[in-house]
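My notes follow in the order in which I took them.

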Amino acid sequence: MKHQSSPLLLSFVLAGLAALAPFAIDTYLPAFPVLERELHGTSLALQQSLTFYLLPYALMTLWHGAISDSIGRITTIKWGLGIFVIASIGCAFAPNVEMLWFFRALQGLSGGAGNVVARAMVRDLFEGPQAQRVMATVQMLFGIAPAVAPIIGGLLLGIHWQAIFVFLALYAAVSLWAAVKYLPETMPLEKRLPLSAKQVVKDYRAIFSDKEFNYVVFAVGANFAGFFLYVLASPVFLVKHLGLSEHQFAYMFVPTVCGMVIGSYLAKRAAGKYAQGKVLKVAYIWMTVMAALNIGVCLYLPTQVIYNIAPVALFNIGMALAMPILSLAALERHPKIRGTAASGQAFIQMLLSTVSAGLIVPIVWYAPSGLAFGMMAYLVLSWLMIYRSKLWTAK
């Protein structure tokens with residue numbers, strides 16, 4: 001029976017759904033030079049394929065949660081992932097850059113369903129410290145995906161660039177099968193809300209006029225964006241600045257994954273044992289020390305793989321430690337429209353990532369020090385948000 005699935009199994013299925021979106025962003029990054037040649041495009045045209053994914057994704061995240069509050073969580077996952085499979089196959093067989101743009105946009109419109117609905121379902125299914133532990137697992141895989149994806153992409157590039165998009169289609173299909181088989185429907189008919197644009201606007205007005213919600217979601221989004229700068233800039237940071245090849249992305253992404261795993265493990269251990277405010281303070285002090293160390297390394301030590309990557313990996317420990325506390329605090333603010341609240345949270349996170357991709361990364365990727373200052377700027381933004389929230393003094 002679905003509802004008899006163990007919390008561990010449920011958390012892995014939910015985490016797998018959440019990880020689809022970042023997989024779709026990052027798996028094809030190592031293929032950019034090959035795609036330029038094969039599809040007769042420019043570097044800028046390929047960079048725009050990221051924006052064609054991110055912008056529809058960010059806008060659609062505002063609707064996925066509201067749709068799941070209306071037609072049910074599982075039905076929303078079925079539609080979202082089903083369309084994503086078709087879009088991924090379209091990307092694999094795109095004859096030119098323009099068709100790649102089109103199918104990337106379709107991926108963006110559908111790819112967020114798993115991530116948004118998974119977050120809402122964590123809070124539907126679990127409470128208290130257990131919810132914090134499950135959210136830590138979900139956030140860990142969501143964070144690991146951008147790190148693992150380019151490594152997988154580099155390996156698949158050895159077969160053919162089309163294999164990358166076939167992999168994404170298969171990943172989405174397996175995630176869809178697992179969701180239907182193991183996840184219960186957590187939005188029963190009697191709790192469903194009618195879907196209307198007017199109601200959705202009203203709900204978002206309630207959510208985004210809530211100062212506490214805004215503080216928390218901007219804090220979690222800014223922390224993630226501090227690391228995500230390095231993911232988006234990886235073709236330049238790793239190849240141009242550190243002298244690695246497109247098959248050596250693991251040099252950065254394995255350590256950063258380890259940082260997230262350690263942070264998420266610590267978050268699970270801390271759940272229910274220590275005050276949330278105390279855990280957050282430890283996480284932010286750690287991130288501040290590592291971001292400052294990163295700047296120092298870039299300014300005063302020679303550019304080398306170990307020097308330039310270690311502080312980023314260590315920063316991720318603090319980021320992953322803070323993430324589940326922040327995410328759950330946001331969802332707690334609006335329990336009756338939790339799906340919509342999860343959408344709002346995902347939208348802010350993806351909005352900051354979109355701004356990073358289109359605006360910040362091209363400004364700061366001139367040197368490793370530029371990326372280090374960018375990371376620190378995002379951390380300062382996050383700290384200013386969280387310092388004004390009630391969580392900072394939570395018992």
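For these notes I take a salt bridge to be a side-chain nitrogen of Lys or Arg within 4 Å of a carboxyl oxygen of Asp or Glu. I keep in mind throughout that this is a predicted model.

**Entry 1: charged pairs.** I asked how many salt bridges the structure holds, and I found two. In one of them the side chain of Arg-73 meets that of Asp-69, with N and O 2.7 Å apart, and I noted that Arg-73 and Asp-69 are both buried. The other is formed by Arg-333 and Asp-210, where the closest N and O atoms lie 3.0 Å from each other. I then looked up where these two partners sit: Arg-333 is in the loop between helix H13 (305-332) and helix H14 (338-364), while Asp-210 is in the loop between helix H8 (197-208) and helix H9 (211-232), so the pair ties together parts that are 123 residues apart in sequence. Is Asp-210 buried or exposed? With a relative accessible area of 11%, Asp-210 is buried, because the cut-off for that class is under 20%, whereas Arg-333 has 34% relative accessibility and counts as partly exposed.

**Entry 2: His-334.** I went on to His-334, which I found in the loop between H13 and H14, and which counts as buried at 13% relative accessibility. Its side chain is joined to that of Asp-210 by a polar contact of 3.0 Å, and Asp-210 is also the salt-bridge partner of Arg-333. Leaving out residues up to four places away in sequence, I listed what His-334 touches, including Ala-206, Ile-207, Phe-213 and Ala-341.

**Entry 3: Thr-61.** I placed Thr-61 in helix H3, which covers residues 43-71, and I read a relative accessible area of 0% for Thr-61, which is therefore buried. Which backbone oxygen does the side chain of Thr-61 reach? I found that of Ala-58, at 2.5 Å. Setting aside neighbours within four places in sequence, I recorded contacts of Thr-61 with Val-116, Tyr-204, Ser-343, Ala-346 and Phe-347.

**Entry 4: Leu-266.** Not counting residues up to four places away in sequence, Leu-266 touches Ile-317 and Leu-321. I also took the separation of Leu-266 from Thr-76, which is 190 residues in sequence and 32 Å in space, C-alpha to C-alpha.

Notes: Residues are numbered from 1 along each chain as its sequence is written. This is a predicted model: local features need pLDDT of at least 70, side-chain atom pairs count only at pLDDT 80 or more; totals for chains, interfaces and linings use all residues. Side-chain values use heavy atoms; hydrogens and water are left out. Buried means under 20% relative accessible area, exposed over 50%, partly exposed in between (1.4 Å probe, protein chains only). Helices (H or I, at least four residues) and strands (E, at least two) are DSSP runs, numbered from the N terminus. A polar contact is a pair of N or O atoms within 3.5 Å; within protein, one must be able to donate a hydrogen and the other to accept it, and residues adjacent in sequence count only if both atoms are side-chain atoms. Contact means heavy atoms within 4.5 Å.
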